[in-house]
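Subject: Structure handover and notes

Hello,

Please find the structure below, with the sequence alongside. My notes on what was found follow it.

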Amino acid sequence: MPSFDMLNDLIPVFVTLFVIIDPLGLVPVFIVLTQGTSAAHRRRMAIRACLTSFFILAAFALIGEGLLGIFGIHMPAFRIAGGTLLFLIALEMLFEKRSQKRNQRAEQVHQELEEDHEAEKAEKTKSSPTANATAPGPTIPDHEADDISIFPMSIPFLSGPGAIASVMLLMGKFEDNIAMQASVIGVVAVVMAIAFVFFLASNIVAKRLSPTVATVVSRLLGMILAALAVQFIIDGIKQAFFQ
């Protein structure tokens, strides 16, 4: 049974990872990238993207500090650099630039995939003039639907540089507490489970969440993330120069 102090420590861990991974903000991206596909395909993409992202983040949580050591990078320097990165992400959230960039990237990837589909259809039409007569409706067949689970859903959206840096910073913060480090990985799993649920119910979430509410929530979480990022920087400076 976790203690009260442990729960107090886990709350900022959850907030940091939830804000950085931003499963709610990724719902429109998932809708765009899986447009025209079947429910079974969307489910497979959601499962694969969330599982892949969990294993990527868990791997960096466990061996990330060792990788830094290979390059001669110590945790105080990484705390300062990682905190700065998170602060820049928080600024983008406060000024609504993060969601704009993410949606633009999703639209670009979707357009590229659509162009590939059109090219494939044109080739099939040339080779088989009767293909259009037997073509299915607007839903893309599963065997023709693109696999967007690894790129771009897992990398860079779910387990991008910000999420990787956050996990490593949180693991470093609790470097002498195995239980808390295990809890950090557990929180990653919880956030991925939330992302999976949001993706499965993406159409419902998109309809229920008005743009105004999404903007208010994004800016509020951005402010919280900015404060957490500054704390990481302060901790890094203290450890580097005063310990």
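Throughout these notes, a contact means heavy atoms within 4.5 Å. By that rule, among contacts in the protein between residues at least 6 apart in sequence, 90% join residues at least 24 apart.

Two remarks on the source. This is a predicted model, in which local features need pLDDT of at least 70 and side-chain atom pairs count only at pLDDT 80 or more, while totals for chains, interfaces and linings use all residues. Residues are numbered from 1 along each chain as its sequence is written, and side-chain values use heavy atoms, with hydrogens and water left out.

Overall make-up

The protein has ten helices and zero strands (DSSP runs, H or I of at least four residues for helices and E of at least two for strands, numbered from the N terminus). Of the 243 residues, 40% are buried (under 20% relative accessible area; exposed is over 50% and partly exposed is in between, with a 1.4 Å probe and protein chains only).

The unreviewed UniProt entry places the feature "transmembrane region" at residues 12-33, 45-71, 77-95, 150-172, 178-201 and 213-234. UniProt positions are given in the numbering used here, feature names are shortened, and such annotations may be inferred rather than shown by experiment. Two of these spans were checked against the model. Residues 45-71 are 96% helix and 0% strand, with end C-alpha atoms 35 Å apart. Residues 178-201 are likewise 96% helix and 0% strand, and their end C-alpha atoms lie 35 Å apart.

Helix packing

Axes here are lines fitted to C-alpha atoms, for helices over the stretch in contact, and angles run from 0 to 180 degrees between N-to-C directions. Angles under 35 degrees count as roughly parallel, over 145 as roughly antiparallel, 65 to 115 as roughly perpendicular and the rest as oblique. A crossing is left-handed if the near helix is turned anticlockwise from the far one by less than a right angle, and right-handed if clockwise. For residue classes, Ala, Val, Leu, Ile, Met, Phe, Trp, Tyr, Cys and Pro count as nonpolar, Asp, Glu, Lys and Arg as charged, and the others, Gly among them, as polar.

1. α1 with α8. The axes of α1 (residues 4-21) and α8 (residues 178-200) come within 9 Å and cross at roughly 45 degrees, so the two helices are oblique to each other. Their crossing is right-handed. Residues making the contact include Met6, Asp9, Leu10 and Phe14 of α1 and Ala179, Ser183, Val187 and Phe198 of α8. By class, the contact has 17 nonpolar residues, one polar and one charged.

2. α1 with α7. The axes of α1 and α7 (residues 161-173) come within 9 Å and cross at roughly 165 degrees, so this pair is roughly antiparallel. The crossing is left-handed. Val13, Thr16, Leu17, Ile20 and Ile21 of α1 make the contact with Gly162, Ala163, Ser166, Val167 and Leu170 of α7. Seven of these residues are nonpolar, three are polar and none is charged.

3. α4 with α7. The axes of α4 (residues 75-94) and α7 come within 9 Å and cross at roughly 135 degrees, and α4 and α7 are therefore oblique. This crossing is left-handed. Among the residues that meet are Phe78, Arg79, Gly82 and Leu86 in α4 and Pro161, Ala165, Ser166 and Lys173 in α7. The contact divides into nine nonpolar, five polar and two charged residues.

Backbone points

Most residues other than glycine have a negative phi, and most peptide bonds are trans. The peptide bond from Phe151 to Pro152 is cis, with omega near 5 degrees. Another cis bond joins Ile155 and Pro156, with omega about 15 degrees. Pro152 lies in helix α6 (residues 149-158), and Pro156 is found in α6.

Asp22 has a positive phi, near 55 degrees. Asp22 sits in the loop between α1 and α2 (27-33) and is buried, with a relative accessible area of 17%.

Two further residues

Ser154 lies in α6 and is buried at 0% relative accessibility. Leaving out residues up to four places away in sequence, Ser154 touches Ala49, Thr52, Ser53, Ile56, Ser149, Ser159 and Gly160.

Lys238 lies in helix α10 (residues 211-241) and is partly exposed, with a relative accessible area of 44%. Lys238 and Pro76 are 162 residues apart in sequence and 8.2 Å apart in space, C-alpha to C-alpha.

Regards
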